[in-house]
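Subject: Structure handover

Hello,

Here is the structure we talked about passing on. My notes follow below it.

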Amino acid sequence: MKTVIITGANRGIGLAAARNLAGRGYDLILVCRNPTRGRAALETLHSPQSAGNHRLVVADLASLDSVRAAAAQIAETNVAISALVNNAACLPRRRTESRDGFELQLAVTHLAHFLLTHLLFPRLRSAPPPSRVITLSSAAHAGAAFNFRDPNFERRRYRRRRAYQQSKLANVLFTRALARRIGGTGVQAVALHPGVYDTGLLHDYIGGIPGGGAFRRLAANRAERAGPIVAELAAGKRGDDLNGQYLDRGVRAIPAKAARDQRAQERLWEWSAAATGLKSEEPGETGGSTNPRDERPVRGGGGGTDPGAHPLAT
Ligand SMILES: NC(=O)c1ccc[n+]([C@@H]2O[C@H](COP(=O)([O-])OP(=O)(O)OC[C@H]3O[C@@H](n4cnc5c(N)ncnc54)[C@H](OP(=O)(O)O)[C@@H]3O)[C@@H](O)[C@H]2O)c1
């Protein structure tokens with residue numbers, strides 16, 4: 001059986017991809033924060049043509065503890081994972097913090113997926129190659145720089161689109177750093193700009209832009225159309241080695257210069273490992289970790305992997 005995990009799968013592009021994959025005979029694990037919305041999405045996957053063994057895992061990606069609990073729940077199922085689709089994102093109007101004290105977009109869009117990928121990697125590796133980590137980025141990553149001095153918008157004014165761009169840049173930087181670590185394992189890391197679709201997130205993004213009406217017309221593209229693009233990648237249909245690639249609507253593309261900066265990729269990896277508590281999983285270390293922002297302990301450090309055997313150990 002082939003299993004694909006999709007975060008933020010109860011609406012928009014995530015749900016479109018899940019429905020497409022269910023139609024192709026895949027088993028889906030939907031990671032959603034709201035049980036009612038998650039169950040409603042799950043129900044739409046079952047049809048006479050697709051009687052897959054689909055599951056819902058409830059997790060709030062704004063909490064690293066919740067991400068760890070979700071990973072543990074998935075690991076218990078013992079399934080080999082053909083693809084992990086890191087899709088969920090949010091775009092709050094005002095600066096908001098995650099449970100662990102990080103700026104919410106960075107926490108949900110990047111840190112949660114960084115941690116989830118790490119924790120589920122052994123299950124991805126156990127699937128027949130190629131299995132894939134597909135991280136939804138955006139063309140909006142261009143024009144952003146990752147601000148390592150103030151990643152959480154504490155010292156500069158929060159602007160939601162700027163925070164979104166930074167988090168989407170983080171998606172590409174992460175994919176490239178991950179690709180370097182997993183070459184030859186049978187797992188591929190891919191960053192995807194899916195195109196522009198009329199979803200809740202797009203409305204949050206364009207709300208308030210002068211001329212937004214024209215942009216909205218341009219973007220009157222239903223999320224269902226993104227389903228096959230994500231599903232083709234998740235299904236491993238393309239035989240080419242896509243490890244480390246940035247794809248624009250499924251086509252190889254060159255990401256912005258800031259995303260190609262290897263130093264920034266490695267710096268973000270180190271920062272993210274410390275922020276999510278993965279440093280504490282190195283051999284010989286136990287217990288909590290430190291938050292690179294201010295050395296305050298991050299809640300819920302540590303986790304249940306074997307660091308010695310883990311190719312992603314930092
Ligand atoms: N739409 C576009 O034009 C476009 C363009 C480029 C890139 N993208 C990327 O495509 C991906 C999907 O976007 P979309 O447009 O489909 O967005 P969407 O329709 O707004 O869906 C976002 C999903 O993320 C979930 N989510 C948000 N915060 C969460 C949290 N704390 N924990 C768990 N789940 C959470 C939402 O759940 P709730 O329903 O519970 O809020 C929802 O299921 C994003 O990564 C986005 O950056 C989209």
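Strand E6 and strand E7 (residues 245–248) run parallel and are joined by 4 bridges. Within that pairing, Val190 stands opposite Gln245 of E7. Please keep in mind that this is a predicted model.

E6 also pairs with strand E5 (residues 131–136), again in the parallel sense, over 6 bridges. Here Gln188 in E6 is the bridge partner of Arg132. Between E5 and E6 the chain passes through helix H5 (residues 160–182), and this β-α-β crossover is right-handed.

As for burial, 7 of the 7 residues of E6 (residues 187–193) are buried, so the strand is largely enclosed by the rest of the structure. Val187, Ala189, Ala191 and His193 point one way from E6, while Gln188, Val190 and Leu192 point the other way. In a regular strand, side chains alternate between the two faces of the sheet.

On the ligand: 28 residues surround it, and the closest are Gly8, Gly12, Ile13, Thr199 and Leu201. Helix H1 (12–23) and helix H6 (200–206) are the elements that give two or more residues to this shell. By class, the shell has 14 nonpolar, 10 polar and 4 charged residues.

H1 itself is mostly covered, with 10 of its 12 residues buried; among them are Gly12, Ile13, Asn20 and Leu21. The length of H1 agrees with expectation, because 12 residues at 1.5 Å a residue should span 16 Å and its end C-alpha atoms are 17 Å apart. Just after H1, Gly25 takes a positive phi of about 95 degrees.

Regards

Key
Residues are numbered from 1 along each chain as its sequence is written. This is a predicted model: local features need pLDDT of at least 70, side-chain atom pairs count only at pLDDT 80 or more; totals for chains, interfaces and linings use all residues. A residue is near a molecule or strand if its C-beta atom, placed from the backbone, lies within 6 Å of it. Ala, Val, Leu, Ile, Met, Phe, Trp, Tyr, Cys and Pro count as nonpolar, Asp, Glu, Lys and Arg as charged, and the others, Gly among them, as polar. The expected span of a helix is 1.5 Å times one less than its number of residues. A residue is buried if 20 or more other C-beta atoms lie within 10 Å of its own, exposed if 12 or fewer, and partly exposed in between; C-beta atoms are placed from the backbone. Two strands pair if DSSP finds at least two bridges between them. A crossover is right-handed if, with the strands pointing away from the viewer, the path from the first strand over the helix to the second runs clockwise.
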